[in-house]
Amino acid sequence: DDVLTLSCEPTIAMKWLIPRLPAFNQANPDIKLHLVAAGGPIDFVRSRVDLALRRDDFHWEPHTHGIKVCDEWMGPVSRNKAERKDSLEGVRLLYTGTRPRAWATWQRQTHISLKGSVRADYEHFYLCIQAAVSGLG
């Protein structure tokens, strides 16, 4: 059997890739997939990775071949439908160490004030997703 070593951003792996793996496995029964959760730049030779799924927010080496899979959309989500659309005052904003400038970037693009919001920090983006689903921000 062939082994394909795929390195993938953890959130992309959890929310996009893994739900599609049953169809991939059915269509490619002879390929054994070894999935590695990682992000950022990658050295394909040292890591022994065949393929990587990444965001495109850092410098790639000139010899790296890349294909854009999709656009990224950023914006706040909330379980509470009563949240105001023009202010986030009093709202707990979930920050992630893997995307520390996300709220500042969103605020700069929308001009919606973050004044009066409460900050909660999580190490990884996928933890923020679960925190939001759980009603923590």
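Mentor: Strand β1 (residues 2–8) and β2 run parallel and are joined by seven bridges. Helices (H or I, at least four residues) and strands (E, at least two) are taken as DSSP runs and numbered from the N terminus. Two strands pair if DSSP finds at least two bridges between them. Within this pairing, the partner of Thr5 in β2 is His34. The model is a predicted one, in which local features need pLDDT of at least 70 and side-chain atom pairs count only at pLDDT 80 or more, while totals for chains, interfaces and linings use all residues. Residues are numbered from 1 along each chain as its sequence is written, and side-chain values use heavy atoms, with hydrogens and water left out.

The sheet that holds these strands is open, has three strands in the order β2-β1-β3, and pairs them in parallel. β2 (31–37) and β3 are the edge strands; each has a single partner strand, so one side of each lacks a neighbour in the sheet. On average, neighbouring strands of this sheet are turned by 25 degrees against each other, direction ignored. Helix α1 (residues 10–27) packs on the sheet and touches β1, β2 and β3, and its direction makes about 170 degrees with that of β2. Contact here means heavy atoms within 4.5 Å. Axes are lines fitted to C-alpha atoms, for helices over the stretch in contact, and angles run from 0 to 180 degrees between N-to-C directions.

The whole structure has four of them. In one, the side chains of Arg55 and Glu9 meet at 3.5 Å, N to O. Arg55 is in the loop between β3 and β4 and Glu9 in the loop between β1 and α1, so this pair ties together parts that are 46 residues apart in sequence. Glu9 counts as buried because its relative accessibility is 9%; buried means under 20% relative accessible area, exposed over 50%, and partly exposed in between (1.4 Å probe, protein chains only).

Another salt bridge links Arg46 with Asp43, whose closest N and O atoms are 3.7 Å apart. Arg46 is exposed, at 72% relative accessible area, and Asp43 is partly exposed at 36%. In the pair Lys68 and Asp71, the side chains meet at 2.5 Å, N to O. Lys68 is exposed at 65%, while Asp71 is partly exposed at 49%.

Backbone angles are the next topic. Most residues other than glycine have a negative phi. Arg48 has a positive phi, near 60 degrees. Arg48 is in the loop between α2 (44–47) and β3 (51–53), and is exposed with a relative accessible area of 68%.

Thr96 has Tyr122 of β5 as its bridge partner. The loop between α3 and β5 contains His111, where phi is again positive, near 65 degrees. His111 is exposed, with 67% relative accessibility.

Definitions and conventions
Salt bridge = Lys/Arg side-chain N within 4 Å of Asp/Glu carboxyl O.
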